[in-house]
Amino acid sequence: MSKSIQIKKGLNIPLAGASSQRVSNDSNSTLYAICPSDFPGYTWKAAVKAGDAVAVGSALLIAKEDEFISLTSPVSGVVKEIKRGERRRIEFISVESDGKLTQNPELATITDPLELLKRSGLFAMMRQRPFDIVPGNAAPRDIFVTGFDTAPLAPDILAKLDKKKMEDGLRFLRKFTKGTVYLSIPSDAKVTSGAAQLVEFNMLHPAGNPGVQIAKIRPVNKGEVVWTLDAVTAERIGRLVSDKKLSWATRVAITGPDAVDPHLVDTIIGASLSTLLEGEIKPTSEKVRVISGNVLTGVKENVQSGFLRYPYRQVTLIDEGDHADEFMGWASLNPKKFSVKRSFPAFLGGLTRPFNFDARVKGGHRAMILSGEYDKVFPFDIYPEYLLKAIYAKDIEKMEQLGIYEVAPEDFALPEFVDTSKNELQKAVREGLDYLRKETL
């Protein structure tokens with residue numbers, strides 16, 4: 001029997017450009033890449049060099065701290081480039097596909113369950129709380145699987161999944177915990193499971209964030225560790241276990257006001273954006289920001305040199321907005337402007353209709369104001385302003401007392417959106433978590 005939870009604090013941002021249910025195939029892509037910065041918690045080193053032949057599941061990067069943990073190739077082919085940035089840090093490793101999707105035979109010989117997850121690359125697709133990093137060696141108290149995404153214009157996670165393979169993956173995950181495997185789903189989803197405990201949520205963002213689900217089901221305390229992953233990763237685990245095949249196929253939503261025809265595309269993780277977005281950007285758009293992910297937590301990418309980034313579900317196209325020339329500027333009473341504070345007359349017509357947001361900050365940075373505006377969209381039993389002040393002060397004792405073990409940067413995306421002071425809250429939380437981990441472990 002499933003449990004039902006209603007999230008009352010949050011905000012669904014009505015961004016224009018929602019994806020239709022039309023599905024196309026990204027048949028032109030031949031270049032794919034893995035970016036190690038998408039997988040925090042470890043120092044990654046190259047396991048290949050340019051020109052090496054690789055198969056699906058061959059290690060491209062391995063963790064210096066645990067050489068079993070790998071980031072693996074999503075396709076078979078030849079390593080095209082190892083791109084390095086400052087201090088020779090690896091930015092990405094790209095692979096030119098041969099179109100055959102040949103499997104790495106070594107994975108079929110691994111019998112230890114944890115080693116199989118680590119060497120296949122699926123272990124790196126999970127996250128650990130606290131710290132929101134790729135899991136360490138501590139056994140998880142519980143495992144939380146997310147079956148939906150409430151971010152702006154996010155696609156339906158469960159729509160394309162093979163439910164039987166997902167169930168196989170959930171059953172396999174039970175090997176790693178003495179606790180419970182939880183599967184969070186929308187309240188209207190028709191899903192059953194004998195391997196996981198179902199928990200239903202309403203679709204108010206950020207209900208789709210793992211941190212919110214953990215906080216409402218069974219919060220993380222100091223000294224405890226839990227794992228999180230999405231249902232897509234659970235299905236990939238099930239496919240590897242039952243079919244002995246590793247699949248990095250994904251369905252991506254091309255969304256946003258600057259998309260010609262927002263729709264779904266079947267591709268492979270790490271696909272080159274130059275081919276994935278070919279013909280997808282409106283030619284009338286003056287300057288477009290390409291975001292791999294959603295507008296709240298995604299990564300800004302260059303359409304010519306960028307790649308589809310973790311968690312590999314969405315690309316959003318919006319105006320940069322630097323060409324905007326508005327009459328009266330911030331004082332305008334334009335009914336097409338959105339504001340959570342009802343600063344513009346748009347709220348008279350309802351704030352659920354689609355709005356054409358752009359990338360402008362629309363304000364200047366200033367000191368944090370203790371106005372309680374974060375609390376209206378922050379469904380944790382935590383005082384967000386005071387936690388942020390403790391992070392800025394690097395006060396470890398207060399950070400722990402105020403609940404930092406429960407949160408991840410993405411949980412502060414909505415507070416950052418509504419923030420009058422225009423502070424980079426997600427960056428601050430990431431730095432706070434990294435500092436806490438460095439000082440306490």
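Let's start with β17 (residues 288-292), which pairs with β19 (residues 314-319) in the antiparallel sense over 5 bridges. Two strands count as paired if DSSP finds at least two bridges between them, and a strand is itself a DSSP run (E, at least two residues), numbered from the N terminus. Across this pairing, I291 stands opposite T316 in β19.

β17 also pairs with β18 (residues 299-301), again in the antiparallel sense, over 3 bridges. Here V290 stands opposite E301 in β18. The hairpin of β17 and β18 has 6 residues between the strands, and G293 takes a positive phi near 120°.

## How to read this model

This is a predicted model, in which local features need pLDDT of at least 70 and side-chain atom pairs count only at pLDDT 80 or more, while totals for chains, interfaces and linings use all residues. Residues are numbered from 1 along each chain as its sequence is written, and side-chain values use heavy atoms, with hydrogens and water left out.

## An open sheet and its helix

Now look for an open sheet of 6 strands, in the order β1-β13-β12-β11-β14-β10, with mixed pairing. Its edge strands, β1 (3-5) and β10 (127-129), each pair on one side only. Within the sheet, β12 (residues 181-186) and β13 (residues 197-201) pair in the parallel sense over 5 bridges. The bridge partner of Y182 in β13 is Q197.

Helix α2 (residues 163-173) packs on the sheet and touches β11 (143-146), β12 and β14 (226-230). Contact means heavy atoms within 4.5 Å, and a helix is a DSSP run of H or I with at least four residues.

## The second largest pocket

How big is the volume of the second largest pocket? It is about 860 Å³, taken as the space filled by probe spheres set on grid points joined across faces, edges and corners. A pocket is an open set of points on a 1 Å grid over the protein atoms alone, where a 1.4 Å probe fits, with protein on both sides within 12 Å along at least five of seven lines; lining residues have an atom within 4 Å of a point.

Of the 42 lining residues, L153, A154, P155, D156 and I157 are the closest to the pocket's centre. Helix α4 gives the most to the lining, with 5 residues.

## The whole chain

In all, the protein chain has 9 helices and 19 strands. Along its principal axes, the C-alpha trace spans about 65 × 50 × 50 Å.

Conventions:
Axes are lines fitted to C-alpha atoms, for helices over the stretch in contact, and angles run from 0 to 180 degrees between N-to-C directions.
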